[in-house]
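Take a look at the structure below. This briefing walks through its sheets, helices, aromatic pairs and a few backbone angles.

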Amino acid sequence: MRPFDFTRPDDLEGACAAGFTEGATFIGGGTNLIDLMKLEVMAPAHVVDVTRLGLDRIEDEGDGLNIGATVRNADLAADPRVRRRYPVLSRALLAGASGQLRNRATTAGNLLQRTRCPYFQDRDSACNKRTPGAGCAALGGEVRNHAILGTSEHCIALHPSDMAVAMRALDAEIEVRDPEGGMRSMDLDHFYRLPRDTPHIETRLEPGDLITSVRLPAPKGDRQIYRKVRDRASYAFALVSVAAVLRMEGGKIAHAAVAFGGIGTEPWRDIEVDAMLTGETPSDSLFDKAGEVLVQGADVQDGTAFKVPLVQRVLKDVLWRAVA
Ligand code: SF4
């Protein structure tokens, strides 16, 4: 690990000012950042601890919730309001990582975690995300845990978060404070950037921007399911996951929001899939069609071809469970 400066501000102003300095990065739980610093995949000159800023509360906000940026994943999963009204989020959190990691990892850190592409973590491999312009060793390499949607010729890395998949299905919004003290909201649908020809730029945050909270609106559907398929049940990233938030009225699907993990370069949601489900009567043919629409244009490598039928089957199963 390379030497770095460390500060632990106790107010937002100080944190954002420190975060704006050259080579600075924020740290919450550090469950991903410290690993990458040990590997020297990330080598920040200045690490700014944001765990003393009072951002560790979950508060009611109108009919929704405001989740502080440094709320621990374990606390968020266990919160009675989350378990009762946003069970898809609680289940997604509990499906991610291990108990020890969930006790450390924070809400903002979970959103900002880096890909687990093995070539990204191996400094001897070519990686456009780690070193822009270096090439991509994953193309033509081992790609079982890579994306099939949102990819580019420069990067096919998967976004690894479970939590963010559920949050996309719940229409979450992110609150951000800039270094001048201005606040702005971004909906999660527009927070991440596709890799295109700049895979090293992963979100729309600017230098010094600090996520202060995530807002969940009132749940639009009471039928919520998160299902994750992985190589081992105890602790692994998703091969495929599906988060569904549905509401039924008179035997028809009145609201559908479905998001996916394990297949996209960002937590994936396809408004075409949601639109074709909404207003319809559940049927095998409808759910098959949704699966076809989802993967149209998928960029499949030999090692990821299995994800197409897998995600279609998991989607169909989740939808039937949700409408049952
Ligand atoms: Fe790097 Fe992306 Fe290629 Fe992985 S897929 S090696 S992260 S450029």
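Two strands pair if DSSP finds at least two bridges between them. With that in hand, an open sheet of five strands can be read in the order β4-β5-β8-β6-β7, with antiparallel pairing. The model is predicted. A domain assignment of the chain gives domain 1 (5-48) and domain 2 (223-323). The C-alpha centres of domain 1 and domain 2 lie 36 Å apart.

- Strands of a sheet pair through backbone hydrogen bonds, either parallel or antiparallel.
- Strand β6 (173-177) is mostly covered, with four of its five residues buried.
- On one side, β6 pairs with β7 in the antiparallel sense, over five bridges.
- Two bridge partners show this pairing: Glu173 has Asp187 in β7, and Ile174 has Met186 in β7.
- β6 and β7 form a hairpin with five residues between them. In the turn, Gly181 has a positive phi of about 95°.
- β6 also runs antiparallel to β8, and five bridges join the two.
- Here Ile174 stands opposite Val214 in β8. So Ile174 has a partner in β7, Met186, and a residue opposite in β8, Val214, given that strands count as paired from at least two bridges.

**Helix α1 and its cover**

- Helix α1 (residues 12-19) has these buried residues: Ala15, Cys16, Ala18 and Gly19.
- The four cover an arc of only 165° around the axis, which puts them on the same side of α1.
- An α-helix has 3.6 residues a turn, so residues three or four places apart point the same way.
- What covers the buried residues of α1? The cover includes β1 (5-7), β2 (24-27), β3 (46-49), β6 (173-177) and β8 (210-216).
- α1 lies across β6 and β8, and runs at about 120° to β8.

**The four-strand sheet**

- Four strands form an open sheet in the order β9-β10-β11-β12, and the pairing is antiparallel.
- β9 (223-229) and β12 (268-269) stand at the edges. Each has a single partner strand, so one side of each is left without a neighbour in the sheet.
- How many bridges pair β9 with β10? There are seven, and the two strands pair in the antiparallel sense.
- Within this pairing, Tyr226 stands opposite Ala243 in β10.
- Helix α5 (residues 87-95) lies across β9 and β10, running at about 15° to β9.
- Helix α12 (residues 307-323) lies across β9, β10 and β11 (252-261), running at about 30° to β10.

**Aromatic pairs**

- The structure holds two aromatic pairs.
- In one, the rings of Phe191 and Tyr192 have their centres 4.9 Å apart and their planes at 75°, so the pair is edge-to-face.
- Both Phe191 and Tyr192 are buried.
- Phe287 and Trp320 also form an edge-to-face pair, 5.0 Å centre to centre with 75° between the planes.
- This pair links distant parts of the chain. Phe287 is in helix α11 (residues 284-295) and Trp320 is in helix α12, 33 residues apart.
- Is Phe287 buried or exposed? At 1% relative accessibility, Phe287 counts as buried.
- Trp320 counts as partly exposed, at 33% relative accessibility.

**Positive phi angles**

- Most residues other than glycine have a negative phi, and most peptide bonds are trans.
- Ala97 is not a glycine, yet has a positive phi of about 55°.
- Where does Ala97 lie? Ala97 is in the loop between α5 and α6 (99-104).
- Ala97 is partly exposed, with a relative accessible area of 29%.
- Asp171 is not a glycine either, and has a positive phi of about 60°.
- Asp171 lies in the loop between α9 (163-169) and β6.
- At 21% relative accessibility, Asp171 counts as partly exposed. The cut-off for buried is under 20%.

How values were computed:
Residues are numbered from 1 along each chain as its sequence is written. This is a predicted model: local features need pLDDT of at least 70, side-chain atom pairs count only at pLDDT 80 or more; totals for chains, interfaces and linings use all residues. Side-chain values use heavy atoms; hydrogens and water are left out. Domain bounds come from an automatic or database domain assignment. Contact means heavy atoms within 4.5 Å. Axes are lines fitted to C-alpha atoms, for helices over the stretch in contact, and angles run from 0 to 180 degrees between N-to-C directions. Buried means under 20% relative accessible area, exposed over 50%, partly exposed in between (1.4 Å probe, protein chains only). The arc is that of the directions from the helix axis to the C-beta atoms. Rings of Phe, Tyr and Trp (its six-membered ring) pair if their centres lie within 6.5 Å; planes under 30 degrees apart count as stacked, over 60 as edge-to-face and the rest as tilted.
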